[in-house]
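Hello,

Here is the structure for your files. My notes on its charged pairs follow below.

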Amino acid sequence: MAETPVAFMIGTFVVLGVFFVVDLLVIGRRPHIPSTKECVQHIAFFVVMALIFGGCIWAFAGAAPAIEFYSGWLTEYSLSIDNLFVFVIIMSNFAVPKVYQKYVLSVGITVALVLRGCFILVGAAIIERFTWVFFLFGAFLIYTAIGLVKGDDEDEEYKENAVIRTMRKFVKISDEYDGEKLRTTRNGVRYWTPMLIVFLAIGTTDVMFAFDSIPAIFGLTKDPFIVFTSNVFALLGLQQLYFLLGALLDKLVYLPLGLAVVLGFIGVKLVMEALHGNTLPFINGGQPVHWVPEIPTWLSLAVIVVSIGTAAAASVAKMKSMESAADKSAVEAK
């Protein structure tokens, strides 16, 4: 495997920076409800760019890192779609006017990128020094997968976290929005608008999302460049995806199960890799466990594609079946 050229990495960061500025700070700053055509065009553009970028990695660095990128991107993209459920609940709970939801998502996604960047830097440094942390990452992902199967994430009621509850005690917050403003004046008194709470809700929720996504991506690749670019491409176009799938998110009933398979698989893979580089004295006398098989990168990609694809197809089939049953009941009622 060839190393990724520095010039290619620099060029990538420049292009991604332009993408992010245009997608979030230019288009995202314009308050409007995007049409279905606009959403599809944006999503298709960024999906094609991700596919092309993976091809560029293949050309400059080899097949293995390219497959790692595709695996990481699909995993992060799938997790991002699942995270949209929470965004929908937050927007609904705080009654954010639909015309401003795109702007809120732009800020939230920007916060997510910054937080994930910090987590990636910290995670890469920890992994480089302490390989045993893979045991923790793997156990956490397996635990998360079990929670998805059990339906622990299906709470449809958003609960404010301690940060927001504490802020409400010490900060004056108005009952109404004032456009995109964070501060407003009512009867000569200055208030913060609910927009501040929404930003905090999105931002603090993004922290929790990072606890899922970063261990998952490190289970597929150890290259910080691929980890970061996978996350960026997964976040680009997410606000358009929010509006496109907003009415369908509750119908993707099998997506959590597909994600559970992916996270469980990656969790097991992390534990197996930790055993390969084991240094813990209470496991095999502190020596690597060589008999544990290695999972090839192509198999990881195959599991991710099959799991998410099957979950999506099953959800569509379920949705059509329910619609057909509803139509039949309506006809019989007449």
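**Salt bridges**

Lys 222 is partly exposed, at 34% relative accessible area. Partly exposed lies between buried (under 20% relative accessible area) and exposed (over 50%), using a 1.4 Å probe and protein chains only.

This is a predicted model: local features need pLDDT of at least 70, side-chain atom pairs count only at pLDDT 80 or more, and totals for chains, interfaces and linings use all residues. Residues are numbered from 1 along each chain as its sequence is written, and side-chain values use heavy atoms, with hydrogens and water left out.

The structure holds three salt bridges. The term means a side-chain nitrogen of Lys or Arg within 4 Å of a carboxyl oxygen of Asp or Glu.

Lys 222 pairs with Glu 273 at 2.7 Å, N to O. This pair links distant parts of the chain, 51 residues apart. Lys 222 sits in the loop between helix H7 (194–218) and helix H8 (224–235), and Glu 273 in helix H10 (residues 255–276). Helices are DSSP runs (H or I, at least four residues), numbered from the N terminus.

Glu 273 is partly exposed, at 24%. Its side chain also meets that of Lys 269, at 2.6 Å, N to O. Lys 269 is buried, at 6% relative accessible area.

Asp 178 and Lys 181 form another salt bridge, at 3.9 Å, N to O. Asp 178 is partly exposed at 25%, and Lys 181 is partly exposed at 48%.

Best wishes

Definitions and conventions: Helix = DSSP H or I, 4+ residues; strand = E, 2+ residues; numbered from the N terminus.
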